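Have the 3D view open as you read.

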Amino acid sequence: MATPSPATGTREWAETYPARPRHVRDARHTAGQFLAGGVRADETLLICSELATNSVLHSRSKDDGKFILRVVVHADYIWIECEDAGGPWHIPDNDGRPHGLDVVHALCGVGGWGVEDLDGGRTGRVVWARLELGRRAVGGG
């Protein structure tokens, strides 16, 4: 549900989904309705999809858990985060193609995304991304 914040001019949306592959599509669809063709909506939805997919495939949430997807639209950036049950952090093998977080990095740039453990990793993790509105993808390393 979108929640406007008149004091700051931000718009917020968050929803909880079962950690099943079909719910990544549901999350992307609902986030798309919230963004309604706004600035950098396509890139934001790609980031939402990548973060949700990682939760479903690579976190403890995949074992009958859930993920929470949040999007906050500020005047000069969009904040995206996905919270899940956490688990071991695996770096994919270099197979010559970009993976989910490589895509997020290409869109948000150095320092534009990160991972935070909740309660020392015991209760979960949040993967976040900050997509700047005033410029296009910065990529690089």
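The chain has three helices and six strands, where helices are DSSP runs of H or I with at least four residues, strands are E runs of at least two, and both are numbered from the N terminus. Starting at the N terminus, the order of elements is β-β-α-α-β-β-α-β-β. This is a predicted model, in which local features need pLDDT of at least 70 and side-chain atom pairs count only at pLDDT 80 or more, while totals for chains, interfaces and linings use all residues. Residues are numbered from 1 along each chain as its sequence is written, and side-chain values use heavy atoms, with hydrogens and water left out.

Now for the chain as a whole. Of its 141 residues, 40% count as buried; buried means under 20% relative accessible area, exposed means over 50%, and partly exposed is in between, using a 1.4 Å probe and protein chains only. The chain exposes about 7,800 Å², and carbon and sulfur atoms supply 54% of that (Shrake-Rupley method, 1.4 Å probe). If you take the contacts with a separation of 6 or more, 64% of them come from residues 24 or more positions apart; a contact here means heavy atoms within 4.5 Å.

On to the helix packing. Two packed helices are described by the angle between their axes and the distance between the axes. The axes are lines fitted to C-alpha atoms over the stretch in contact, and angles run from 0 to 180 degrees between N-to-C directions.

| Helix pair | Angle | Axis distance |
|---|---|---|
| H1 (residues 21-35) and H2 | roughly 155° | within 9 Å |
| H2 (residues 41-58) and H3 (residues 100-108) | about 150° | 9 Å |

Angles over 145 degrees count as roughly antiparallel, under 35 as roughly parallel, 65 to 115 as roughly perpendicular and the rest as oblique. H1 and H2 are therefore roughly antiparallel to each other, and H2 and H3 are therefore roughly antiparallel as well.

What about handedness? A crossing is left-handed if the near helix is turned anticlockwise from the far one by less than a right angle, and right-handed if clockwise. The crossing of H1 and H2 is right-handed. On the H1 side, Pro-21, Val-24, Arg-28, Ala-31, Gly-32 and Leu-35 meet H2 residues including Ala-41, Leu-45, Cys-48 and Val-56. By class, this contact has nine nonpolar, four polar and one charged residues. Ala, Val, Leu, Ile, Met, Phe, Trp, Tyr, Cys and Pro count as nonpolar, Asp, Glu, Lys and Arg as charged, and the others, Gly among them, as polar.

The crossing of H2 and H3 is left-handed. Here H2 brings Glu-43, Leu-46, Ile-47, Glu-50, Leu-51 and Asn-54, and H3 brings Gly-100, Leu-101, Val-103, Val-104, Leu-107 and Cys-108. That contact has eight nonpolar, two polar and two charged residues.

Two loop residues are worth a click. Ala-36 sits in the loop between H1 and H2, with a positive phi near 40° even though it isn't glycine. Ala-36 counts as exposed, at 62% relative accessibility. Asp-64, in the loop between H2 and strand S3 (66-73), is another non-glycine with positive phi, about 65°. Asp-64 is exposed too, with a relative accessible area of 68%.

Leaving out residues up to four places away in sequence, Val-72 touches Thr-10, Arg-11, Glu-12, Tyr-77, Ile-78 and Trp-79. Val-72 and Leu-35 are 37 residues apart in sequence and 9.8 Å apart in space, C-alpha to C-alpha.
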